[in-house]
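Please consult the sequence and structure shown below while reading.

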Amino acid sequence: MSKIVEVKAKVEAGKSKLVPGLVQEALDAGAAPAEILQAMVDSMGVVGEKFSSGEIFVPEMLIAAKAMSKGVEVLKPLMAGDGSASLGTCVIGTVAGDLHDIGKNLVSMMIESAGFDMVDLGVDVPADNFVKAVKDNDKVVLVACSGLLTTTMPALKEAVQTIKTACPDVKVIVGGAPVTPEYAAEVGADGYAPDAGSAAVKAKELVTA
């Protein structure tokens with residue numbers, strides 16, 4: 001079994017203590033950092049699919065994401081000069097009036113594991129703050145807005161429309177319990193994701209399309 005296959009398997013299994021050592025071994029064996037990163041991204045894709053299909057649950061997903069982040073720590077110094085490593089910056093936040101952050105944090109971890117640099121604005125984020133974050137950070141290609149209360153749907157709509165008006169080139173993805181694909185389309189979002197695993201897949205699709 002090649003070291004990369006082993007890294008992939010251990011990330012999927014959430015073995016965060018073993019992953020950094022295996023990543024180092026893969027590097028020592030001559031694997032390229034980008035190749036190792038891609039393998040970990042792929043295994044998080046598998047984890048995301050299993051989560052979407054109800055095969056695994058939030059704890060398993062968090063454990064796998066943690067294992068991946070430990071592996072990424074080993075690769076980061078080697079990839080700092082390699083601009084191809086990142087798909088760009090994603091700004092994420094829960095919209096104004098909503099204080100839920102567990103779902104958002106999961107989505108943030110999954111999108112980061114798909115190869116984005118994340119800027120997390122936290123919860124209860126006014127629409128203008130999303131726009132400000134897009135302008136204040138480099139290479140922002142995606143904004144992810146989360147809303148978990150039906151009462152914050154208008155705030156989600158306002159956030160999407162404010163961002164799209166001010167930053168037409170930036171893609172906007174939305175999600176949260178009461179959000180539907182129809183609602184996402186109606187408010188003008190570029191994408192919708194029902195859960196963290198599919199958010200990562202959709203995020204990648206939107207910026208590489």
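The largest nonpolar core comprises 44 residues, and those with the most contacts inside it are Val23, Ile36, Met40, Met68, Ile111 and Phe116. A nonpolar core is here a set of buried Ala, Val, Leu, Ile, Met, Phe, Trp, Tyr and Cys residues joined through side-chain atoms within 4.5 Å. Buried denotes a relative accessible area under 20%, exposed over 50%, and partly exposed the range in between (1.4 Å probe, protein chains only). Two or more residues are given to this core by each of helix H1 (3–12), helix H2 (19–28), helix H3 (33–52), helix H4 (58–79), E1, H5, E3 and H9. Helices (H or I, at least four residues) and strands (E, at least two) are DSSP runs numbered from the N terminus. Leaving aside neighbours within four places in sequence, Met68 is in contact (heavy atoms within 4.5 Å) with Val11, Leu37, Met40, Val41, Met44 and Ser113. Another core, of 27 residues, lies apart from the largest one and includes Phe130, Ala159, Cys167 and Ala189.

The model is predicted: local features require pLDDT of at least 70 and side-chain atom pairs count only at pLDDT 80 or more, while totals for chains, interfaces and linings use all residues. Residues are numbered from 1 along each chain as its sequence is written, and side-chain values use heavy atoms, with hydrogens and water left out.

The sheet is open and has 5 strands in the order E2-E1-E3-E4-E5, with parallel pairing. Two strands pair if DSSP finds at least two bridges between them. E2 and strand E5 (191–192) stand at the edges with a single partner strand each, so one side of each is left without a neighbour in the sheet. Strand E1 (residues 89–94) and strand E2 (residues 117–120) run parallel and are joined by 4 bridges; within this pairing, Val91 has Val119 of E2 as its bridge partner. E3 is joined to strand E4 (residues 171–175) by 5 bridges, again in parallel, and Val143 stands opposite Val172 in E4.

E1, helix H5 (residues 102–113) and E2 form a right-handed β-α-β unit; right-handed means that, with the strands pointing away from the viewer, the path from the first strand over the helix to the second runs clockwise. Helix H9 (residues 196–208) lies across E3, E4 and E5, at about 165° to E4. Axes are lines fitted to C-alpha atoms, for helices over the stretch in contact, and angles run from 0 to 180 degrees between N-to-C directions.

How many disulfides does a search of the whole structure find? The search finds 0, a disulfide being a pair of cysteine sulfur atoms within 2.5 Å. The sulfur of Cys145 is 9.2 Å from the closest cysteine sulfur, in Cys90, which is too far for a bond. For Cys167 the nearest cysteine sulfur, that of Cys145, is 11 Å away. Cys145 is buried at 3% relative accessible area, and Cys167 is buried at 7%.

Most residues other than glycine have a negative phi.

Thr150 lies in the loop between E3 and helix H7 (153–166) and is exposed at 59% relative accessibility. Its C-alpha atom is separated by 43 Å from that of Pro77, 73 residues apart along the chain.
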